[in-house]
Amino acid sequence: MNAFGTFVQLIVDGLAQGSLYAALALALVLVNQATGLINFAQGGMAVLGAYIGMSVGNLVIPSVGPIAGVLIGIVVAVVVSFFIGALIERFIMRRFQGGDEDTSVVATIGLLTLITGLVGIIWGFNFIPYPFFFGSGESFTIAGIAISVWSLTTFLTIVALMIVLQILFQKTKLGLGLRAVADNPRSAALSGVRVGGMLMIGWGLAAALGTIAGILLAAKVQLNPNNFDAILVYALAAVIIGGLDSPIGAVVAAWGIAIIENLAGTYLEFIGHDLKVAVPFILLFILLILRPQGLFGRKRVVRV
Amino acid sequence: MITTVTGRRVLALTAAASALALALAGCSRGGTPSDGGETDGPAAASPGITDTTLLFGINTPLTGTTAGPGNCTADGAIAYFGVKNAEGGIEFGDGKTRTIEIRTYDDEYNPEKSASNFNQMVADGVFAAGLGLGTPTNRAWRDAAAEEGVPQVLVMTGDPIFSTREDGYMTLGLVPTYMQEGAAFGEALVADGQPHQVAVLYQNDDYGKGYVQGFKDAIEGESNIEIVKELSYEPTASSLEGQITELAATGADVLFHAVSVTPLAIADLQKVIALGWKPIVFLPSNTASPGGILTPAGVTGDTFPGVYSAGFAEAAAAPPFAESEAGQAYFEAIAEYVTGHEQDGKSFPHCVWSWMGAQILEEAFKTMTEPTRESFYEALTSITGLETDFGFGPIDTTVDGSPAVQTVVLQKFNGAGYTNVDVVG
Amino acid sequence: MNAVVEFFGRTWVRGVVLAIALVVLLVLPLVSDPHTNQTISHIAVFAVAVLGLNIVMGYTGQVSLGHIFFVGLGAYCAIIPIYYWWGGSLAEGAIVIGFVLSLVIPGVVGLVVALAAVRLRGLALAMVTIALPIIGVPLAKRLGDLTGGNEGLSIRRLAYEGSDGETYRGNPFGAPSWSGLDNDQWQYYLAVLLALLFFALAYFLVRGKFGRAFAIVKANEAVAGSMGIDPYRYKVLAFTISGIYGGAAGFLYVVVLQYTSSETLSFGHSIELVIATIVGGAGSIVGSILGGAFYVLVPQLTNAWGLSQYTLVAQGVIILLVLFLLPGGLASLPRVIRRLTGRRRGGQHVGSRERAESTSGNTKN
């Protein structure tokens, strides 16, 4: 493979890896849009959903065959995650609604610890393969560039989700309701929006979205309670860079981060592959100095 | 002078409390708290050993990201001694028959926790400790063990420092050093006589660096082997595709893949296949399993010119193992004595290594003449020609600088398992 | 019940309790076993670490998710001079140098980070603090020749030259023969006494002008400016002090463990520290001690009971319970009991404490 081919390969790989960051970032954006919070436990909830999908899938595959079994597993996982997310919001996060932001953040940190611990107890800490439609190694070549089926699937899924979310927020009543509740719960309530319901839906949708991300990740690297720990940081960076309220921004930022990280690790000797984890932070920093509201975000006005 | 009522009260009560405390301090503690031994013959017994029992501590990660192998490092020994204890115990070299109690301590792969576990082990009065996983974690209490006179034996890390006989340290490594494995492959490449270009991917810690160092030492000065690119990765990385792409671009015909994280290893091999790169591949012993790595990655006997690994023990996941008598006894013991549904004795090679370690311990117990740690360590480091159930060669612990298991064999993947070979090609 | 609570509310009684506690603390190592002493020493180390985190998070309301970086950095600053120079002519001087460096360098880093990041809000600031341990670990490994990388540095048996020219092995933090103490006792005294010193300093800091300024910045930044308190200046100060305290905890870490490695500053510990801070009680001196105890004892207890796989679940459940029932952390327990058992003493005094019940700040912007 020649030098240009390598370059393009790195970009293609970056898009695929970035789609994983983007998936989690979308869930973070959703929670933020709906409840104004940053959910540090999003990755943990995603992993939990993926484990459920695995268990259900493995349970039904013997009876209905691999394709249907995997599909049922995914559907069940997404639906169950929706309810888990909604219940978590109702019974845990609701308590901190309207209170101090930092308390909610610490609560999500505690939630992350709890969920990781529970997953570890129930399913163990070993790596467990996720039964998926195709093997993670299947790939094809276009013009000398290797693209794995998984990469393509993930990429397309993310694009679809991004579009769906963008439409949801900008064009639907539900989206408007979610944003209204996050922005100003009291006036939203006065306008007839059911605040509590909106919050639960917001968390539920985010959890479902996260589970999709979790399943995609597990299909590639197998299931492990700590799967999203490293990715969460990239997703958070993507969310900030892209703007906390923009699904498109989060996804584009995620792709950008992954691509630049790949390129920096390969072409910048002094960074290398061990320090390339610094790249998202460097990007973040530069951006925040130049444009604090993020690439696509809206400026926030604080009234005293 | 203090004149207020409040002040006087504070002073008075504090003085009274101090007097009481000082009186208590007068009877300061004496002697070591964990003196559980009985005098037996001319030498006083070390802590942790009685006429009928011996306490052995395993300080290893039982939770966290390395919990899989970590649990395995204890499982093999628990199973083995479970069987022996059920048979009535082991007859020691001093004539007494004792049962072996294993106590595990979770260090979560955190050196600070590991060090405090050691304090707990001393408080619990263990006779000796070992079989634990991890270099930074074992290093954290290495000096403390030397200070307290506790043997730190048969540790599961390829770090050569544990096999170096140094004054005051009672340590011994179990598994071959990373250098040995890397060197085995290097020597085989050299012996091939053909020119080779090698691309290296290694984990950025003592594990990966050890492999590379051993490899480099073996190929030093040989004109037919050239390392064209060396890249590292962090164990916490979620994807190594960037590195693999960069290495593939070199067009090297050998890939030295010192990667210890299972899903990363699988993904790497898949990427190599996807890129159409067909090098000779070298895998370290803990990520070479056909069932755990190669099959999920879609590697068959023909995918690459050759997949090689440096092995030193049979793989529990391979079919011939389960068919052998020793293998069946092993699985029965695991099922009987090890709790935990995912602990099946074959997900990681460390379970088998732990079983072998237990056999080496048993040999030391059988030959030690006094119920003391010194006698135990001397017996442990005087073993020659011991055949273990699953090792490829006899155990010789007398060589300074070498761990207990020294026979490293180069193996080639044949589509289903590994066969021992002498040379690459 | 009420009478008991009231009794302990009186100033002179508190003074005596404190005095007795100090006496017990000082006498304890002479009578208890080494393991208990070591546990208490560990608690002292992490109490100082939690205190540092409290200064920036509890008192000033700035979320810091990378605090362990300062602890690890301080540990390196302490251990490297000792490792390389203790065996030579510098001897104990190396320890002093290590101590000074472990305060100065993390403090400077805290200062620099704060200057760069202080204008950021909420999540962005959190991300900058997250960056510290995440970049710190591979950086420590890259500088492996100096730091010992992944394997770490141990100073427990350092080679030194004796007066007769022979090489011996010694522990820079081993008990000197004139003290008549065992190693664990000596390290206990070093750690606990230094920790008490740092706690006393922090006590005076938060009672004084700085503490009040921190509290105002935390409560309402936009208003602080109009009161003549530059929020940025005080946030920078808080981060710097937090860095210094983290470094001090790192020094104590080396005193007690005589070992450090790149694993010491890994990100996961930062999360545990945050949890420990809140559980102990954010914005509370006593809470920092309780937080340190939580950090050390929970894993130790689950280990001792053979339930180590439940450590994470235990920590998660406890922090959530604390946030639900006792937002002020364990340190606020007496206050809550007093409130629950009725009978107010001097309404305004108690009432104002009640309002400050949440973990950090009251008004949402």
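Reader: How many residue pairs are in polar contact across the interface of chain A and chain C?

Author: This is a predicted model, and for this count both residues of a pair must have pLDDT 80 or more. Salt bridges between chain A and chain C number zero. Under the rule for polar contacts, the interface of chain A and chain C has three residue pairs.

Reader: What share of the area buried between chain A and chain C do carbon and sulfur atoms give?

Author: The contact involves 43 residues of chain A and 39 residues of chain C. Together the two chains bury about 3500 Å². Of that area, the share given by carbon and sulfur atoms is 79%.

Reader: Which helix gives the most to the side of chain A that touches chain C?

Author: Helices α4 (101–123), α9 (229–242), α11 (272–275) and α12 (279–290) of chain A each supply at least two residues of that side. By class, the side has 28 nonpolar, eight polar and seven charged residues. The helix that gives the most, with 14 residues, is α4(A).

Reader: Which residues does A:L236 touch, leaving aside those up to four places away in sequence?

Author: A:L236 is among the residues with the most contacts inside the largest nonpolar core, which has 204 residues; A:F40, C:M127 and C:I130 are also among them. From chain A, A:L236 touches A:L28, A:I38 and A:F40. From chain C, the residues it touches are C:L123, C:M127 and C:I130.

Reader: How many residues has the other core, which lies apart from the largest one?

Author: The members of this other core include B:A79, B:I90, B:I102 and B:V352. Its count of residues is 56.

Reader: Turning to chain C and chain B, which residue forms a salt bridge with B:E234?

Author: Between chain C and chain B there are two salt bridges, and ten residue pairs are in polar contact. In the salt bridge of B:E234, the closest N and O atoms are 3.3 Å apart. The partner of B:E234 is C:K141.

Reader: How many residues of the side of chain C that touches chain B are nonpolar, how many polar and how many charged?

Author: In this contact, 44 residues of chain C meet 50 residues of chain B. The area buried between them is about 3800 Å², with 55% from carbon and sulfur atoms. On the side of chain C that touches chain B, α2(C) gives the most, with nine residues. By class, that side has 17 nonpolar, 18 polar and nine charged residues.

Definitions and conventions
Residues numbered from 1 in each chain as written. Chains lettered and ligands numbered in written order. Predicted model: local features only at pLDDT ≥ 70, side-chain atom pairs only at ≥ 80, totals over all residues. Heavy atoms only, no water. Core = buried A, V, L, I, M, F, W, Y, C linked by side-chain atoms within 4.5 Å. Buried < 20%, exposed > 50% of the residue type's maximum accessible area, 1.4 Å probe, protein only. Contact = heavy atoms within 4.5 Å. Buried area = accessible area lost by both parts, 1.4 Å probe. Salt bridge = Lys/Arg side-chain N within 4 Å of Asp/Glu carboxyl O. Polar contact = N/O pair within 3.5 Å; in protein donor to acceptor, adjacent residues only side chain to side chain. Helix = DSSP H or I, 4+ residues; strand = E, 2+ residues; numbered from the N terminus. Nonpolar A, V, L, I, M, F, W, Y, C, P; charged D, E, K, R; others polar.
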